[in-house]
Amino acid sequence: MHEGHRERIKKKYLLDGIDKFNIHEILELVLYYAIPRKNTNDIAHFLLNKFGSLSAVFDAPINLLKEVDGVGESAAIFIKLIPDLTRVYMDSKASESVRMLSIKDACDKLALQFLGRSEEVVALMLLDAKYKLLYCGVINKGTVNSVDLYSRKVVELIVMYNASAGIIGHNHPSGLAFPSKDDIISTEKIKLIFKNMGIKFLDHIIVADGDYVSLSSTDQKSLKKIVDSIGCK
């Protein structure tokens, strides 16, 4: 039944692209290039049954991927490369000369840094005096409240790019785009770093599940309600 199956799947992709593929066939095709001598159709089904969706497979930790029968370390690494490569590709596609005209523009750009990440990371966006993008990248893996750990990196990048303004962003991988007490305290610390360097601190943006909160756009009365609602003092 499986004789010539790989060639048929490849030919189907060459003729019609990926649009006519079933989800398991997409994963099966991807696995051809990591598992050359096994029936990847079965492995694709095992992965989808275990994790529930294609995106969940790509987002799964390497150690859990390796628990699936037929998936070794090389295949697990290859699977994890997909979201990482997608993030780099999308970031490369976005023009580095785009002017940040709105919070949404900034969020759309920052969101690319969090694509496929299962851990919390902190990203920095630096702009020139005309708000054209100079730099956008992850500066810390871990919670945003570890400001002291990445403040030196922030200073180095500001000097390197001769930036005039900046925005900090971080993700809540398993939660809501909702500021915590630590997020609010950290924002004030980050603002001070920018102030001491004589550049504008434009925003701290929190991203989660396609949603975001801009702390600079949240007025103080609303921010107080948020703080009160989560039991901050």
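User: Leaving aside its neighbours within four places in sequence, which residues is L47 in contact with?

Analyst: In this predicted model, L47 is in contact with L27, L31, G52, V57, L65, V68, V71 and I79, once neighbours within four places in sequence are set aside. Contact here requires heavy atoms within 4.5 Å.

User: What makes the set of residues that includes L47 a nonpolar core?

Analyst: A nonpolar core is built from buried residues of kinds such as Leu and Val, joined through side-chain atoms within 4.5 Å. The largest set of this kind has 24 residues, and L27, L31, L47, V57, L65 and V71 have the most contacts inside it. At least two residues of this core come from each of α2 (23-32), α3 (40-51), α4 (54-59) and α6 (73-93). Another core, of 16 residues, lies apart from it and includes V154, L157, A163 and F201.

User: Why is H170 called buried?

Analyst: The term buried applies under 20% relative accessible area. H170 has 0% relative accessibility, and therefore it counts as buried. H170 is placed in strand β3, which spans residues 165-171.

User: What makes the pairing of the side chains of H170 and H204 a polar contact?

Analyst: A polar contact needs a pair of N or O atoms within 3.5 Å, one able to donate a hydrogen and the other to accept it. The side chains of H170 and H204 make such a contact at 2.9 Å.

User: Why is A56 described as partly exposed?

Analyst: Partly exposed covers the range between buried, under 20%, and exposed, over 50%. A56 has a relative accessible area of 24%, so it is partly exposed. This residue is found in helix α4. A56 and G116 are 60 residues apart in sequence, while their C-alpha atoms are 9.3 Å apart in space.

User: Is Y131 buried, partly exposed or exposed, and how do you know?

Analyst: Y131 counts as partly exposed because its relative accessibility is 25%, and the cut-off for buried is under 20%. Y131 is found in the loop between β1 (121-127) and β2 (133-141). Its phi is positive, about 65 degrees, although Y131 is not a glycine.

User: What makes N162 exposed?

Analyst: Exposed means over 50% relative accessible area. The value for N162 is 63%, so this residue is exposed. N162 is placed in the loop between α8 (147-161) and β3. Its phi is near 50 degrees, a positive value in a residue other than glycine.

User: Which residues are closest to the centre of the largest pocket, and what is the volume of this pocket?

Analyst: The largest pocket has a volume of about 390 Å³. Its lining has 20 residues, of which F114, V207, A208, D209 and G210 are the closest to its centre.

User: Which elements supply the lining of the largest pocket?

Analyst: At least two lining residues come from each of α7 (103-111), β4 (200-208) and β5 (211-214). The largest share, four residues, comes from α7.

User: What describes the protein chain as a whole, in helices, strands and buried residues?

Analyst: The protein chain has ten helices and five strands. Of its 233 residues, 42% are buried. The chain exposes about 13200 Å², and carbon and sulfur atoms supply 55% of that area. Among contacts between residues at least 6 apart in sequence, 58% join residues at least 24 apart.

Technical notes: Residues are numbered from 1 along each chain as its sequence is written. This is a predicted model: local features need pLDDT of at least 70, side-chain atom pairs count only at pLDDT 80 or more; totals for chains, interfaces and linings use all residues. Side-chain values use heavy atoms; hydrogens and water are left out. Buried means under 20% relative accessible area, exposed over 50%, partly exposed in between (1.4 Å probe, protein chains only). Accessible areas come from the Shrake-Rupley method with a 1.4 Å probe; for residues, only the protein chains shown count as cover. On a 1 Å grid over the protein atoms alone, a cavity is a set of points where a 1.4 Å probe fits but cannot get out, and a pocket is an open set with protein on both sides within 12 Å along at least five of seven lines; lining residues have an atom within 4 Å of a point. Grid points are joined across faces, edges and corners, and a volume is the space filled by probe spheres set on the points.
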